[in-house]
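This briefing covers aromatic side chains and the charges placed over them. The structure is shown first, and the points follow by topic.

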Amino acid sequence: VSEEFQNGEGFGYIVAFRPNGTRGWKEKMVTSSDASKFIYRDESVPPLTPFEVKVGVYNNKGDGPFSPIVVICSAEGEPTAAPIDVKATSLSVSEILVAWKHIKESLGRPQGFEVGYWKDMEQEEAAEKVKTEGNESSILLTGLEGNTLYHLTVRAYNAAGYGPPSTAVRAATKKSPPSQAPSNIMWIQDGSHVSLGWEPVRPLANESDVMGYKVLFRQEGQSNSQVIETQKTSAVVLLPDVGVYIIEVCAVSEGGDGTASPQIRVPSFS
């Protein structure tokens, strides 16, 4: 602003604006010479409406020139609808998969979604919250407590704020896997074949039922195990190479794998 206007009496600014592509400017006077911004409020303006804006100056001698015209948009609105078809599926003792759908027209430009979850005996205000980014439509919750009922809601968010939460859904994590390991493991070796047998695992009342067993075996000194799955309390293992093999057995349940048996060491001469 030139010194001529700054030194004049009654110095201030004129903010002129109009919806992009329309005629007729609205003008607002900013009487403070120290002002550097102006906020215009109109609840009837839809989110993300483009406006043409220019700023001029005035004093008691008259109006000065306007700045070049710039186009800006009104702020976006927060999402107006909740996600729909929210489903929660228990996957393990500590994991629940949450999935949903959303109405794109109601979200403006969503930055993501927020999932709130809380235990059955807690209030919703105590909910833990996790966020996704972008248009993700599912999230895997981890680190949950076993054998616990959870309530869950989903809501969209963007730069303007949060939308309404969905109707709460419920899901219970699985019971913990059996804490007892297979016992009294017996084995007979015939060349490179090892026949194994063990006593069945009896889960406690708060543990998942046994669905079967895993036999894990690996060569001594290696970290990756090969796995044989069976619903019986016996299995036959083929040891393919020369060396010493480490073999162990564990129960399999909805809540995951149970405690592994003590290791046995079997030499292979094949």
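**Aromatic rings and charges**

K131 lies over the face of Y157, 4.8 Å from the ring centre. A charge sits over a ring if NZ of Lys or CZ of Arg is within 6 Å of the ring centre and within 35 degrees of the ring normal. This is a predicted model: local features need pLDDT of at least 70, side-chain atom pairs count only at pLDDT 80 or more, and totals for chains, interfaces and linings use all residues. Residues are numbered from 1 along each chain as its sequence is written, and side-chain values use heavy atoms, with hydrogens and water left out.

Charge over a ring
- K54 is placed over the face of F66, at 4.7 Å from the ring centre.

Aromatic pairs
- The whole structure holds 6 aromatic pairs (rings of Phe, Tyr and Trp, its six-membered ring, with centres within 6.5 Å; planes under 30 degrees apart are stacked, over 60 edge-to-face, the rest tilted).
- One of them, F17 with Y40, is tilted, at 4.5 Å centre to centre and 45° between the planes.
- F17 is in strand β1 (residues 12-19) and Y40 in the loop between β2 (26-30) and β3 (50-59), 23 residues apart; strands (E, at least two residues) are DSSP runs numbered from the N terminus.
- W100 and F113 form a tilted pair, with 5.4 Å between centres and 50° between planes.
- W100 lies in strand β7 (residues 96-101) and F113 in strand β8 (residues 112-119), so this pair ties together parts 13 residues apart in sequence.

Cluster
- F17, Y40 and F51 make up one aromatic cluster.

Burial
- F17 counts as buried at 6% relative accessibility (buried is under 20% relative accessible area, exposed over 50%, partly exposed in between; 1.4 Å probe, protein chains only).
- Y40, at 30%, counts as partly exposed.
- W100 is buried at 4%, and F113 is buried at 0%.

Methods: Helices (H or I, at least four residues) and strands (E, at least two) are DSSP runs, numbered from the N terminus.
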